[in-house]
Amino acid sequence: MMAFHEKQLPADAPIAAKAMNWIDARFPLTSTYKAHLSEYYAPKNFNFWYFFGSLAMLVLVIQIVTGIFLVMHYKPDAALAFASVEYIMRDVSWGWLVRYMHSTGASAFFIVVYMHMIRGLLYGSYRKPRELVWLFGVGIFLCLMAEAFMGYLLPWGQMSYWGAQVIVNLFGAIPFIGPDLSLWIRGDYVIGDATLNRFFSFHVIAVPLVLLGLVVAHIIALHEVGSNNPDGVEIKDKTDANGIPLDGIPFHPYYSIHDIMGVAVFLIVFSAIVFFAPEMGGYFLEYNNFVPADPLTTPLHIAPVWYFTPFYSILRAVTSEFVNYGLIPGVIAYVLLLLATAKNSKVKLAALVIGLVAVVGMIFLEAKFWGVVLMGASVMIMGGLPWLDKSKVKSIRYRPSWHKWVYLVFGIMFLVLGYLGVKPPSAIGGLISQVGTFVYFGFFMLMPWWSAMGTFKTVPDRVTFHPH
């Protein structure tokens, strides 16, 4: 058993110092503060892209606080849910503001997280030794998607109801277990009171607990290996006699003050949207969701919220023709590529078996199932980035110039898929979505080859920093 030690302070020591000493003897408050703030050394060349981590924390706090106040008045009952939201908007003091902050915060959360992920892509923040940091981040993204989807049902408007109906019914495409799985998720044969109650429970309790745990794990893992930087240089490799990185500065007060500027700008934009355009033209809050859910009246066009639409476009792009003339030839070509380039015989055998199973499955299983598979794979594949990227350097600054065009084309196609997901289906839109699906998966699946190609620039020994 470890001995209990409490530092002896002079009798005339300030009361605050005595109180802190008493706490530190029982809880590692000061040491935690030093490890994660005042003595956590971050690279001194952070730029604009490094605002979004702290902004994600801010939006998480906004969502939790506003969610608590909404739950005080919300009724998770199919007969009362829509009316309770209207009650919050019209009769609860400042209820409209809390509701709009929460709905705007949901979109703001995804904007900030997408920007945070873009920074990770550009500067190789998923590369060794930060693989676990990235995996925790992908887990956070999955939790956000689950949280947003379940929360979207709660207003019990037309789009909430029918959007949930479409998404839950997708699970029915899974062979053998699909219909039973859909029934189990709904808790009823149609979206109803049972569905609303279980989605409410997950949205308010279960998913937030997992999300908070992943956020803590993400930060702990990050602070264990240290932050990346725009140069992709490991600052821990160059230290002074005291072990302090030569190119590092304490996170507090330098970056904590630095982030306040980003927070101020964000809050100005966020407030402007909340007060002047909370629906954002129907993208943040669809107009159909201001109409009570009606199981007997289907909206003319059912689409998810904007932050799901790139993946929804991939789902809609998968038709029987696309499977036969696109996916099957694509899988065969990819397997042949692996057989021609892989040096490990086990990799070749695995590629052959998996490819054969996939092709047979595409022949005998309906296209709807493969749409669901590709939609899920489009998110899960992000977790494989640390092992797909074979580049000699981390940061895009020192990669071949044409790599920037690869990232640009990928980003443009992601935005195009998102836009098409909002629009009603059309022949030309479907064709573009199919091309976009190939570009999206090609970016990841071909990364082991294209990321290693070209002439790379020399990475400096120390970070490049210009005082400003």
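**Exercise 1. An exposed tryptophan**

Task: Decide whether W94 is buried or exposed.

Solution. At 59% relative accessibility, W94 counts as exposed. The cut-off for exposed is over 50%. Keep in mind that this is a predicted model. Finally, check the backbone. Phi of W94 is near 60 degrees, a positive value in a residue other than glycine.

**Exercise 2. A phenylalanine with positive phi**

Task: Find where F176 lies, and state whether F176 is buried or exposed.

Solution. Start with the location. F176 belongs to the loop between α7 (158–170) and α8 (178–186). Then take the accessibility. The relative accessible area of F176 is 83%, so F176 is exposed. Now look at the backbone angle. F176 is not a glycine, yet its phi is positive, about 70 degrees.

**Exercise 3. A serine in a helix**

Task: Determine whether S378 is buried or exposed, and list what S378 touches.

Solution. First, the helix: S378 is part of α14 (residues 367–380). Second, the accessibility: S378 has a relative accessible area of 0% and is therefore buried. The cut-off for buried is under 20%. Third, the neighbours. Leave out residues up to four places away in sequence; S378 then touches F311, I314, Y440 and F441.

**Exercise 4. The nonpolar core**

Task: Name the residues that touch the most other members of the largest nonpolar core, and the helix that gives the most to this core.

Solution. The largest nonpolar core holds 111 residues. Within this core, F110, F141, W156, F311, Y440 and F444 touch the most other members. Helix α5 (residues 95–123) gives the most to this core, with 14 residues.

Set aside the neighbours of W156 within four places in sequence. The contacts of W156 are then A78, A81, F82, Y161, I191, G192, L196, P292 and A293.

**Exercise 5. The cavity**

Task: Work out how many cavities of 30 Å³ or more a search of the whole structure finds, and which residues line the largest cavity.

Solution. Begin with the idea behind the search. Rolling a probe the size of a water molecule over the atoms shows where empty space is left. Here the search finds one cavity of 30 Å³ or more. The largest cavity has a volume of about 30 Å³.

Next, the lining. It consists of F82, V85, E86, R99, P155, N289 and F290. Sort these residues by type: four are nonpolar, one is polar and two are charged. Then ask where they come from. Helix α4 (residues 81–90) supplies the largest share of the lining, three residues.

**Exercise 6. Salt bridges**

Task: Count the salt bridges, then explain what the pair of D247 and K44 ties together.

Solution. The count comes to eight salt bridges. One of them joins D247 and K44, whose closest N and O atoms are 3.6 Å apart. Locate the partners. D247 is in the loop between α9 (193–225) and β2 (248–250), and K44 is in the loop between β1 (41–43) and α3 (52–71), so the pair ties together parts that are 203 residues apart in sequence.

Compare the two partners. D247 is buried, at 3% relative accessibility. K44 is partly exposed, with a relative accessible area of 24%. The pair also belongs to a network: salt bridges link K44, D247 and R462.

Now take a second pair. The side chains of K394 and E234 meet in a salt bridge of 2.4 Å, N to O. K394 lies in the loop between α15 (385–388) and α16 (401–422), while E234 lies in the loop between α9 and β2, so this pair ties together parts that are 160 residues apart in sequence. Both K394 and E234 are buried.

Finish with a third pair. R399 and D389 form a salt bridge, with the closest N and O atoms 2.7 Å apart. Both lie in the loop between α15 and α16, so the parts tied together are 10 residues apart in sequence. R399 and D389 are both buried.

Notes
Residues are numbered from 1 along each chain as its sequence is written. This is a predicted model: local features need pLDDT of at least 70, side-chain atom pairs count only at pLDDT 80 or more; totals for chains, interfaces and linings use all residues. Side-chain values use heavy atoms; hydrogens and water are left out. On a 1 Å grid over the protein atoms alone, a cavity is a set of points where a 1.4 Å probe fits but cannot get out, and a pocket is an open set with protein on both sides within 12 Å along at least five of seven lines; lining residues have an atom within 4 Å of a point. Grid points are joined across faces, edges and corners, and a volume is the space filled by probe spheres set on the points. Helices (H or I, at least four residues) and strands (E, at least two) are DSSP runs, numbered from the N terminus. Ala, Val, Leu, Ile, Met, Phe, Trp, Tyr, Cys and Pro count as nonpolar, Asp, Glu, Lys and Arg as charged, and the others, Gly among them, as polar. A nonpolar core is a set of buried Ala, Val, Leu, Ile, Met, Phe, Trp, Tyr and Cys residues joined through side-chain atoms within 4.5 Å. Buried means under 20% relative accessible area, exposed over 50%, partly exposed in between (1.4 Å probe, protein chains only). Contact means heavy atoms within 4.5 Å. A salt bridge is a side-chain nitrogen of Lys or Arg within 4 Å of a carboxyl oxygen of Asp or Glu.
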